[in-house]
Amino acid sequence: MIKVLIADDHALFRDGLKRIFNETDDIDVVAEAIDGKDILKKTREFDWDIALLDINLPDINGLDILKRILTANASSCVLVLSMYPEEEYAIRAIRSGASGYLTKDSPTDQLITVIRRLAKGGKYVNPELAEKLLFNPVMESDKLTHTTFSDREFHVFKLIVAGESLTSIANKLSLSVKTVSTYRSRILEKMNMKNNAQLVRYAIQHKLVE
């Protein structure tokens, strides 16, 4: 039996996954988590084989959570399930240690197949993305400025374009407002932009916002 931990803040999505797995005879949901702190707690409390992790958690960035899980147990298997386009987020997730990446609009049978592959020690990315990585290592997305951000810069960038204030971002990331302001200045400099509105337009253009 493949023991799965689901980490997603949307109850309807978690319920949908549970209904899907209830129809299989080899996948069992052993725990659910609704945010970053919860998943760190559940990963310690439960015996699981694969964690299904959403990048866009309400408190801690999913990539930060991924790294913390792997720091605690380097052999952990994490499948990132996200609504974000693969070419924008999959590379960052795989480089952070994810065993696979799937978008949430993927077919049900594909999700089950990927989980079974990962349970056997395999890896997964979309075949089209894998082909681009194999034959064109310098992808178009790698040429985009936001792909040069550190994970922390990328997280701050996402919160800024989501409309969060510097104070709110500081509270969420347990940083000082001055530090967040420094990150913002660094992001604007890298992007050769002057204000948040330009960052938002860029994020919309490249489908980096919900």
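**Loops, a buried lysine and helix packing**

Me: Does Asn-192 count as buried or exposed?

Reply: Asn-192 counts as exposed, because its relative accessibility is 71% (exposed means over 50% relative accessible area and buried under 20%, with a 1.4 Å probe and protein chains only). Do keep in mind that this is a predicted model, in which local features need pLDDT of at least 70, side-chain atom pairs count only at pLDDT 80 or more, and totals for chains, interfaces and linings use all residues. Numbering starts from 1 along each chain as its sequence is written, and side-chain values use heavy atoms, with hydrogens and water left out.

Me: And where is Asn-192?

Reply: Asn-192 sits in the loop between H9 and H10, where helices are DSSP runs of H or I with at least four residues and strands are E runs of at least two, numbered from the N terminus. The phi of Asn-192 is positive, about 55°, although the residue is not a glycine.

Me: What about Ser-174, what is its phi?

Reply: Ser-174 has a phi near 55°, which is again a positive value in a residue other than glycine. Ser-174 belongs to the loop between H8 and helix H9, the latter spanning 177-191, and with a relative accessibility of 68% it counts as exposed.

Me: Which residues does Lys-158 touch?

Reply: If neighbours within four places in sequence are left aside, Lys-158 is in contact (heavy atoms within 4.5 Å) with Ile-55, Asn-56, Asn-61, Tyr-84 and Tyr-89.

Me: Asp-54 then, where is that one?

Reply: Asp-54 lies in the loop that runs between strand S3 (50-53) and helix H3 (62-72), and it is buried, with a relative accessible area of 4%. Apart from neighbours within four places in sequence, the contacts of Asp-54 are Ala-7, Asp-8, Asp-9, Gly-62, Leu-81, Ser-82 and Lys-104.

Me: What separates Asp-54 from Lys-123?

Reply: Their C-alpha atoms are 17 Å apart, and the two residues, Asp-54 and Lys-123, are 69 residues apart along the chain.

Me: Now the packing: at what angle do H7 and H9 meet?

Reply: H7 and H9 pack at about 90°, and their axes are 10 Å apart (axes are lines fitted to C-alpha atoms over the stretch in contact, with angles from 0 to 180 degrees between N-to-C directions). H7 is therefore roughly perpendicular to H9, a term that covers 65 to 115 degrees. H7 brings Arg-152, Glu-153, Val-156, Phe-157 and Ile-160 to this contact, while H9 brings Val-180, Tyr-183, Arg-184, Arg-186, Ile-187 and Lys-190.

Me: How do those residues split by class?

Reply: The contact of H7 with H9 has 6 nonpolar, no polar and 5 charged residues, where Ala, Val, Leu, Ile, Met, Phe, Trp, Tyr, Cys and Pro are nonpolar, Asp, Glu, Lys and Arg charged, and the others, including Gly, polar.

Me: And how do H7 and H10 cross?

Reply: The axes of H7 (residues 151-161) and H10 (residues 196-205) come within 9 Å and cross at roughly 100°, so H7 is roughly perpendicular to H10. Phe-157, Ile-160 and Val-161 of H7 meet Asn-196, Leu-199, Val-200, Tyr-202 and Ala-203 of H10, and the residues of this contact of H7 with H10 divide into 7 nonpolar, 1 polar and no charged.

Terms used
Angles under 35 degrees count as roughly parallel, over 145 as roughly antiparallel, 65 to 115 as roughly perpendicular and the rest as oblique.
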